[in-house]
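Welcome! Please take a moment to look over the sequence and the structure shown here, and then follow the short tour below.

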Amino acid sequence: MIDGDTHPTPTNLKILQSASIDLKATNKELFGQNIFPVAVGRAQIKVSGKLKFADYQPRQIRDFIAAPNSSVMTAGETLIASNEAQSVPASSSYTITTTNSATWVLDLGVRYAATGIPLINVASLTAAGQYTYAAGVYTFYSADASAAVLIDYTYTLSSAGETVTLSNTAAGAANSFQCVMGTSYNSLQTNFLLYSCVPEGLKLYDSKIGDFTMPELDFSAFVNSAGNLGIVSCPVTS
């Protein structure tokens with residue numbers, strides 16, 4: 001939950017793969033003339049955690065980047081149209097209107113379907129293997145009449161998803177959240193609650209052939225205004 005929000009909204013990490021909370025103490029040893037320490041004192045304890053999950057939530061990305069209450073998340077997605085099969089008309093004007101031309105955003109290239117050889121984007125058509133584009137409409141040279149091509153581009157879809165704009169916000173302020181973790185075995189629960197956490201790392205994309213992308217969130221914890229880190233609630237076994 002984000003402290004900066006007027007009404008903090010809990011976020012459930014879906015398809016959770018692993019979760020950990022680590023306490024690591026920094027110790028100071030006192031040595032004399034011998035090889036072993038005669039006393040050990042504790043300086044600090046760092047509390048950190050890691051969450052690995054298989055489901056993207058746009059507000060998790062927004063809250064990691066943005067300062068509290070920043071509005072950088074909007075409705076709709078930017079999608080990629082890959083290998084859209086089209087054919088250059090046999091006669092003038094040799095133009096192709098892409099399927100999603102109404103919300104077309106960015107050209108990602110054109111290739112011949114038969115060979116995979118890319119065509120070249122130019123300002124003015126002078127030879128085969130060239131193309132121009134404007135607002136999702138592609139135009140080809142007359143020598144490419146009837147050629148089968150594959151077109152890649154991006155377009156927006158307003159009816160689904162959300163988009164996060166990764167803005168360059170001011171340094172200093174960081175979103176904080178409460179973290180609740182729990183596990184159960186034989187109907188016995190062990191639960192953890194950390195009152196104040198700050199995200200430290202967010203692995204957004206880690207694609208592998210034949211495997212799933214797994215986002216990872218690293219965070220550290222600190223005490224709240226009452227000086228408390230959190231609670232650990234666990235059963236007592238005989």
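Does Tyr 56 count as buried, partly exposed or exposed, and what is its relative accessibility? Tyr 56 counts as partly exposed, because its relative accessibility is 39%; buried means under 20% relative accessible area, exposed over 50%, and partly exposed in between, with a 1.4 Å probe and protein chains only. This is a predicted model, in which local features need pLDDT of at least 70 and side-chain atom pairs count only at pLDDT 80 or more, while totals for chains, interfaces and linings use all residues. Residues are numbered from 1 along each chain as its sequence is written, and side-chain values use heavy atoms, leaving out hydrogens and water.

Tyr 56 sits in the loop that runs between strand 2 (39–53) and helix 1 (58–65). Helices (H or I, at least four residues) and strands (E, at least two) are DSSP runs, numbered from the N terminus. Together with Ile 65, Leu 166, Leu 204 and Tyr 205, Tyr 56 forms a nonpolar surface patch with about 520 Å² of accessible area.

Next come the rings. The structure holds seven aromatic pairs. The rings of Tyr 133 and Tyr 138 are tilted, because their planes stand at 35°, with centres 5.8 Å apart. Rings of Phe, Tyr and Trp (its six-membered ring) pair if their centres lie within 6.5 Å, and planes under 30 degrees apart count as stacked, over 60 as edge-to-face and the rest as tilted. Ring pairs also link Trp 104, Tyr 131, Tyr 133, Tyr 138 and Phe 140 into a cluster.

| Residue | Relative accessible area | Class |
|---|---|---|
| Tyr 133 | 34% | partly exposed |
| Tyr 138 | 0% | buried |
| Leu 125 | 24% | partly exposed |

Leu 125 lies in the loop between strand 6 (120–121) and strand 7 (130–134). Leu 125 and Tyr 141 are 16 residues apart in sequence, and their C-alpha atoms are 5.8 Å apart in space.

Finally, four strands form an open sheet of mixed pairing, in the order 4-8-7-6. Strand 4 (95–97) and strand 6 each have a single partner strand, so one side of each is left without a neighbour in the sheet. Strands 6 and 7 run parallel and are joined by two bridges; two strands pair if DSSP finds at least two bridges between them.

Definitions and conventions. Patch = residues over 30% accessible without salt bridge, like charges linked within 9 Å, V, L, I, M, F, W, Y side chains within 5 Å. Areas by Shrake-Rupley, 256 points an atom, 1.4 Å probe, with all protein chains shown as cover. Salt bridge = Lys/Arg side-chain N within 4 Å of Asp/Glu carboxyl O.
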